[in-house]
Amino acid sequence: MSAGPRDYGDTGRYEPDDERGGVHPITAFRRWRNTRPFWGALFVILSGAVILLSEKAPVAVVIHIGLQGLAGYLIPVILLLCGLLLLINPVQRTFYSLLAIVLALGSWITSNLGGFFVGMALGLIGGSLAFAWEQREGPQREADVSRPHKTWPPSYLRQRDDQSQGLSLLVGEPGDDSAESAAPTRDDIPPIPGDSRGGPRQAGAPLDVAGPHAESTGYRAMAVCAAVVSLLAVPGSLPVHLASAAVRAAKASASPGVKASASPKPSASPEPSLSPSPSASPEPSASATPSASPSPTPSASPGAGKSGGSRHGHKKARAPARKAQASSQPAATARSHLSASSAMLTGASFDGVADVRTADGIVPMLEFTMSSLTLSGTTIKIVVSGVTVSASAVSLGFSGGVVLLTTKISGYLHGTRVTYTPQRPPSSVPRDATFTDMVTGQPYLTAASLQSTALGIAMAQGA
Amino acid sequence: MATSGSTTPVPRGRTRWRRFAIILLPAAAMAAVLVVLTAQSVLAVSFAISGTPFTVTAKRLNGIGFEQFGVLDHSILNNLPGNTNEIVLTANAIRSATLTHLCQQLTLGGLTLRITAGFGSTPVTATDLVVDADKFSGNASFHNITIGQDASTLTEVPGVRGPEGDFSLAATSVTITNLKQHAYATTAGTFTLPGFSLSFGGSCS
């Protein structure tokens, strides 16, 4: 056995190596751990992971939200990267640790309140730990001369501390701080022949600028820097909002059919989001204006490309005949039907069979116009991917130029059962009528306003 | 046999606790400032939560630009009801909304988290709010409503469209009272949360 005096190694524990100089894996891990800001890096990695776990939003939704959604994911991903790099490349820990702190602060705004505060706290602590970590000389080991095949520690780690020149000027020499140092200081270490020393800390190197006096100056300077960097964190996160507000403004102005009256919101707030969407408050009052106003306002409510009373009058002049809905938005193709225990129509008229555009082509539908439609005990069932989504309401009151397009309508009208389809359209409908047990297929309804009571939407698996 | 001779300095690390404090204290102070600014609704925050169902209730919601359509959501883990990784939900999207008495309750690993905001005089404002819910209820009134339009042609909320052929409901503005949603995912472009408070335990009734 080649063990000499008890070998306490560089971890401070008694770690006899075996004869061949191999290293126990736990020992190797401990040595590896000691040569980098391990706990700081671990906390930063955890913080990124916690924030990401708190998100997991469906990717399609995030893409639609745009730049702000992306920022919510970008920040924890970069936090993860910083943590990994702190482990892999501890030389650059100053940058990675400060970056991790700034990102953790930014994650409060962009990512679910910093992963519900836990992620932000972990990131701050981890970044600070990594920043405060430094490399020291451990207790001396017996030479490796007798065991030339020993490969630990790797040669690049045998160099002296690897802080950058700038930081050493700022901070002072580690090892000058006599109150903290128990390990031998740099001055006690004899120069090692044959080791390449790239670092600036070689004994007697000309860069030995910071003497004992530099200690307090260095700390003062570093405190100033730390404060400046932290203060920069807040305006640093605001450009995310600036950029995203600009993106929203661009999207809002570019999207077709956007109402000019109600949309100046994004363009009014390109300044940093300290003012919470000021135009959000005047808008509800703007929308309260009665929507019987002519078409410029409801340009985004396609219906049959018509709106309000003006269309109603216009329709009456037409003879009931097939007509294509050139300006309307396409109707849905999902299987759907609306059933109501009673439907009260006022000012109703049958406008013929219309050709409605859908994703599957042109579908003929019956078109009814009425000034108001009141449904009681309504259920709308839609089949989506084999699941039935049902919306129900105790009462639904449509008013203001109501247009109903449907492929089939049936119910009891004045006690007699009627069923109308585009192949068997009604000749006319009474102006004021009440259907009971009404069922309509593929309903496509447009109205200026809808009042609902106890509207509920729920899913039921299986069609 | 101990061989004396040249020694190899072996690196190990230590944490300089003074340096740690110097960098952590300003950062923690900045974090406290961010929390306070959020509580005063000066700062808007973004949310993107998914996978764990949570409840959102609000006493009143006024929204501009409203869309609703069915979606098939996927989860990375098979933790959705029925032990699948797919679920059909209704996506409710609002371009900009003000909410009063907003309460969000979610359960994370056995711990119930409750976020409330807008209980005072200032309402919560949200933009580009998309909630994927499997239960939705309230008393709603809509302006310029369209029911049954193809969800891929919706324009009320920029950038939010449903799958082609999907059934949808769209309105230019909406007012909902006693809103209650059981949601699996939500994303909000911005959320200002005046009077914000985060607490553990409790529920949004």
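## The lining of the largest cavity

In this predicted model, the lining of the largest cavity consists of 15 nonpolar residues, seven polar residues and one charged residue. The lining comprises 23 residues, and those nearest the centre of the cavity are A:I382, A:A391, A:I457, B:Q68 and B:L169. Both chains supply strands to this lining: β5 (361-384), β6 (387-406), β10 (444-453) and β11 (455-461) of chain A, and β2 (40-74), β6 (124-150) and β7 (167-194) of chain B, each give two or more residues. The largest share, five residues, is provided by β6(A).

The volume of this cavity is about 280 Å³. In the whole structure, a search finds twelve cavities of 30 Å³ or more. Such spaces can be located because rolling a probe the size of a water molecule over the atoms shows where empty space is left.

## Helices α7(A) and α1(B)

Helix α7 of chain A (residues 118-132) packs against helix α1 of chain B (residues 17-39) at an angle of about 150°, and their axes lie 8 Å apart. An angle over 145 degrees counts as roughly antiparallel, so α7(A) is roughly antiparallel to α1(B). The crossing of α7(A) with α1(B) is right-handed.

On the side of α7(A), the residues in contact are A:M120, A:L124, A:I125, A:S128, A:L129, A:F131 and A:A132. They meet B:W17, B:R19, B:F20, B:I23, B:L24, B:A27, B:A28 and B:A31 of α1(B). This contact contains 13 nonpolar residues, one polar residue and one charged residue.

## Helices α5(A) and α1(B)

Helix α1(B) also packs with helix α5 of chain A (residues 93-110); here the axes come within 10 Å and cross at roughly 10°. Since angles under 35 degrees count as roughly parallel, α5(A) and α1(B) are therefore roughly parallel to each other.

From α5(A), the contact involves A:L98, A:I101, A:L105, A:W108 and A:I109. From α1(B), it involves B:I23, B:A27, B:M30, B:A31, B:L34, B:V35 and B:T38. Eleven of these residues are nonpolar, one is polar and none is charged.

## Helices α2(A) and α7(A)

Within chain A, helix α2 (residues 38-55) and α7(A) have axes that come within 7 Å and cross at roughly 160°. That angle makes α2(A) roughly antiparallel to α7(A), and the crossing of α2(A) with α7(A) is left-handed.

The residues of α2(A) in this contact are A:W39, A:G40, A:F43, A:V44, A:L46, A:S47, A:V50 and A:I51. Those of α7(A) are A:V118, A:G119, A:L122, A:G123, A:I125, A:G126, A:G127, A:L129 and A:A130. By class, the contact has eleven nonpolar, six polar and no charged residues.

How values were computed
Residues numbered from 1 in each chain as written. Chains lettered and ligands numbered in written order. Predicted model: local features only at pLDDT ≥ 70, side-chain atom pairs only at ≥ 80, totals over all residues. Heavy atoms only, no water. Axes fitted to C-alpha atoms, helices over the stretch in contact; angles between N-to-C directions. Helix = DSSP H or I, 4+ residues; strand = E, 2+ residues; numbered from the N terminus. Parallel < 35°, antiparallel > 145°, perpendicular 65-115°, else oblique. Left-handed = near helix turned anticlockwise from the far one by under 90°. Contact = heavy atoms within 4.5 Å. Nonpolar A, V, L, I, M, F, W, Y, C, P; charged D, E, K, R; others polar. 1 Å grid on protein atoms, 1.4 Å probe; cavity = no way out; pocket = protein on both sides within 12 Å on 5 of 7 lines; lining within 4 Å. Points joined across faces, edges and corners; volume = space filled by probe spheres on them.
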